[in-house]
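Colleague: Please take a close look at the disulfides of this protein and at the nonpolar packing that goes with them. I would like one connected account.

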Amino acid sequence: MSMFATLFLVASGATFGLGPEWQRVTDPLAEARVGKLYCDTPDHKAKTCEAGALFRFSENGEILGVMMIPINNEPDLAIAFPLRSWVDDGALCSRPQQDDIDRMRLMIGTKLYEKPAGEKLLGIFKEEFAKMAVDKTVCEHFFTDGDRLFSVGTIDGVHVPELDGEIAWVGAGNSYDLRANENALEE
């Protein structure tokens, strides 16, 4: 393969199994800088996201994010956890540490949900997430095809297809809700 062809594949989504119409996003947080929220697996008709995140940028260049993962719809429960992030060669990356896992919280709206069944569920999630991601570099490579945006996930540079999916950046006034695929809480 020629150097030009290799560079083209890297610049497009072809290296991750996407067609050449998918072009790499060079600044994955451009929309976050103007106040938009990250929406994972959006349903634009229902105005829902399967996960969400907001990002803040400190004066010293740090990128601070809070990821929200809904796990239950009735009651509406989400796991919230902070993450320190950076952009590396056009990818949004983080390297979760055990203290990040320890700061995960189960929330009902803006309040802590501290019932025993919730605490047990949060403990299971923390344990599984720690096995998958602690001390590993987790990156999202963003690609666009017109109005569509797709994220490709890697852990320590290895493509992890389970992390891939459509994403969107939504304005705070667009009223998107977090919705879990299924209810995980059994009380």
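Modeller: C49 has a relative accessible area of 5%, so C49 is buried (buried is under 20% relative accessible area, exposed over 50% and partly exposed in between, with a 1.4 Å probe and protein chains only). This is a predicted model, in which local features need pLDDT of at least 70 and side-chain atom pairs count only at pLDDT 80 or more, while totals for chains, interfaces and linings use all residues. Residues are numbered from 1 along each chain as its sequence is written, and side-chain values use heavy atoms, with hydrogens and water left out.

The partner of C49 is C39: the two form a disulfide with sulfur atoms 2.0 Å apart (a disulfide is a pair of cysteine sulfur atoms within 2.5 Å). The link of C39 and C49 is left-handed, with -110° about the S-S bond. C39 sits in strand β2 (residues 37–40) and C49 in strand β3 (residues 48–49), so this pair joins parts ten residues apart in sequence. Helices (H or I, at least four residues) and strands (E, at least two) are DSSP runs, numbered from the N terminus. C39 also counts as buried, because its relative accessibility is 0%.

A search of the whole structure finds two disulfides. The other is formed by C93 and C139, with their sulfur atoms 2.0 Å apart. Its torsion about the S-S bond is about 110°, so the disulfide of C93 and C139 is right-handed. C93 belongs to strand β7 (residues 91–94) and C139 to strand β10, so the pair ties together parts that are 46 residues apart in sequence. Both C93 and C139 are buried. With bonded cysteines counted along the chain, the pattern is 1-2, 3-4.

Now the packing. In soluble globular proteins, nonpolar side chains tend to be buried together. Here the largest nonpolar core has 32 residues, and F55, F142 and W169 have the most contacts inside it. A nonpolar core is a set of buried Ala, Val, Leu, Ile, Met, Phe, Trp, Tyr and Cys residues joined through side-chain atoms within 4.5 Å. Elements giving two or more residues to this core include β4 (51–57), α4 (116–133), β10 (138–145) and β13 (165–170). The most comes from α4, with five residues. Leaving aside residues up to four places away in sequence, W169 touches F55 and F142, and also P28, L29, E31, A32, K36, L37, Y38 and L149 (contact means heavy atoms within 4.5 Å). A second, separate core of five residues includes L18, W22, F143 and V152.
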